[in-house]
Amino acid sequence: MALRLRTVERDVILPVKGALILVLFYSLFFSRWFEDVAIPRSVAQQIIERFFLIYLGLNLAVTAVLLLAGHLPSVLVQRVIFTSNFVDGIFLAALTFVTGGFDSILYWLFLGLIVRNAVSSPLATPQIILNLSVSLCYLAAGVLDLAIGDEALDFGDYVRFTPGNPAEPFLLRLFVLLLLSVCCYGLQVLFEKQRRAAEEMREFNTRQEQLHSAGRLAAQIAHQIKNPLGIINNAAYSLQRAIQEGKGDTTQPLQIIREEVERADRTITKLMGYAQLAEGKVERLQVVEELDRAVAEVFPPGTHPDVRVEKDYSDHLPVLLMQRGHLSEVLVNLLQNAREAIASRGRIKVTARLGPDESVILTISDDGPGIPKDRVEKIFQPYFSTKEKGTGLGLPIVKHNTEIYGGSVKVESELGKGAKFVLHLPTRTFMKLRT
């Protein structure tokens with residue numbers, strides 16, 4: 001939408017409208033344009049001149065907004081453009097009223113205005129409202145021209161309708177306006193579906209390639225295991241020889257073995273996570289379905305009667321392009337942690353919201369005892385656990401599986417106020433790459 005605003009409204013429409021405004025300004029204030037109009041010059045001059053000055057001021061404000069669009073909220077820019085397009089239709093209707101009503105040559109500008117609205121307003125509701133208002137403005141201009149003409153004007157040779165079928169010309173023109181509105185909207189829908197399909201395919205291929213690249217990286221990391229194994233083997237040989245001979249210091253070989261085992265363990269932990277990336281395929285995952293599936297897995301019906309799980313999902317959430325196993329592991333781990341935190345009695349809330357840049361924000365919160373402040377920064381570290389029988393790998397897996405898709409996870413917690421985990425999952429990786 002930002003690209004359309006820049007291309008259509010700022011780079012194309014703004015210069016064209018500026019030229020038309022200059023022509024109108026000259027015609028209204030420095031020419032005798034109103035000599036041939038169908039209503040008295042004094043009335044038309046006053047009405048149009050006042051409206052034109054208001055219209056000019058509005059367009060100056062719109063110009064400033066378009067030039068500063070990059071520094072203003074996108075919602076504000078869209079609303080300003082919507083208002084400007086709506087006023088354009090009203091102003092064009094006023095000019096149509098004084099230049100012949102239904103017979104005005106300005107009718108063709110209404111067709112152009114409909115096409116412009118369709119291009120610069122891709123959202124369905126604003127586009128339909130604008131294009132319907134354009135048709136109504138043309139109808140109102142023609143009807144008002146006829147009403148005033150029938151009461152106060154001498155038509156002379158000004159014949160707008162044939163005696164046989166007086167409604168035919170204006171009905172035909174109105175039908176063309178409505179038909180063009182429908183066609184533009186239909187083409188907009190088709191182009192939007194094609195654009196989304198192309199973006200989704202590109203995102204799908206990008207993420208699949210990321211996973212394959214991570215798998216290849218895992219194979220390279222595996223070579224690093226050989227180094228500590230070789231050192232351990234040499235230290236074990238030295239230790240064995242010292243024990244057999246009953247002399248020598250055994251402390252140093254034991255320390256070497258311990259250090260290399262720890263180093264190998266850290267490497268293997270990372271390697272396991274990366275190696276799993278090459279397994280499986282990226283799928284189109286519906287957020288609500290995956291959340292409900294995870295909740296049903298952690299809280300089977302009838303097993304936790306004292307736990308109240310509240311769901312709050314937004315409508316029309318975008319799909320996530322991920323491996324189902326990765327997302328399921330993230331959600332199940334967080335829900336299990338929440339269940340254990342409330343000791344099988346309390347409230348757990350699961351929410352899903354649309355974030356910036358078509359991302360998805362998931363939150364899982366509980367009303368348990370919370371996490372001490374000094375432990376909040378450590379809970380994502382491998383093997384760190386606040387539970388007696390915890391492995392310390394649940395939350396590191398959550399963090400790892402989220403970050404490999406360009407997402408992030410954070411925790412908000414205070415003692416006595418529960419804990420809330422917030423997942424930010426982007427749906428368009430290539431958008432980040434372009435910026």
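Reader: In what order do the strands of the open sheet come?

Author: First, how strands and pairs get called: helices (H or I, at least four residues) and strands (E, at least two) are DSSP runs, numbered from the N terminus, and two strands pair if DSSP finds at least two bridges between them. In this predicted model, five strands make an open sheet ordered 2-4-5-7-6, with mixed pairing.

Reader: Before we go on, what are the ground rules for the numbers?

Author: Residues are numbered from 1 along each chain as its sequence is written, and side-chain values use heavy atoms, with hydrogens and water left out. Since the model is predicted, local features need pLDDT of at least 70 and side-chain atom pairs count only at pLDDT 80 or more, while totals for chains, interfaces and linings use all residues.

Reader: How many bridges join strand 4 to strand 5?

Author: Seven of them link strand 4 (residues 346-354) with strand 5 (residues 360-366), and the two run antiparallel. To find your place, look for Arg353, which sits opposite Ile361 in strand 5.

Reader: Is Arg116 buried or exposed?

Author: Buried means under 20% relative accessible area, exposed over 50%, and partly exposed in between (1.4 Å probe, protein chains only). Arg116 comes out buried, at 8% relative accessibility. Arg116 belongs to helix 4 (residues 107-120) and touches Glu9, Ile13, Lys17, Asn85 and Asp88, leaving aside residues up to four places away in sequence. Gly112, also in helix 4, is partly exposed at 39%.

Reader: And what does the side chain of Ser181 reach?

Author: A polar contact is a pair of N or O atoms within 3.5 Å; within protein, one must be able to donate a hydrogen and the other to accept it, and residues adjacent in sequence count only if both atoms are side-chain atoms. The Ser181 side chain reaches the backbone oxygen of Leu177 at 3.0 Å. Ser181 sits in helix 6 (residues 168-222) and is buried, at 10% relative accessible area.

Conventions:
Contact means heavy atoms within 4.5 Å.
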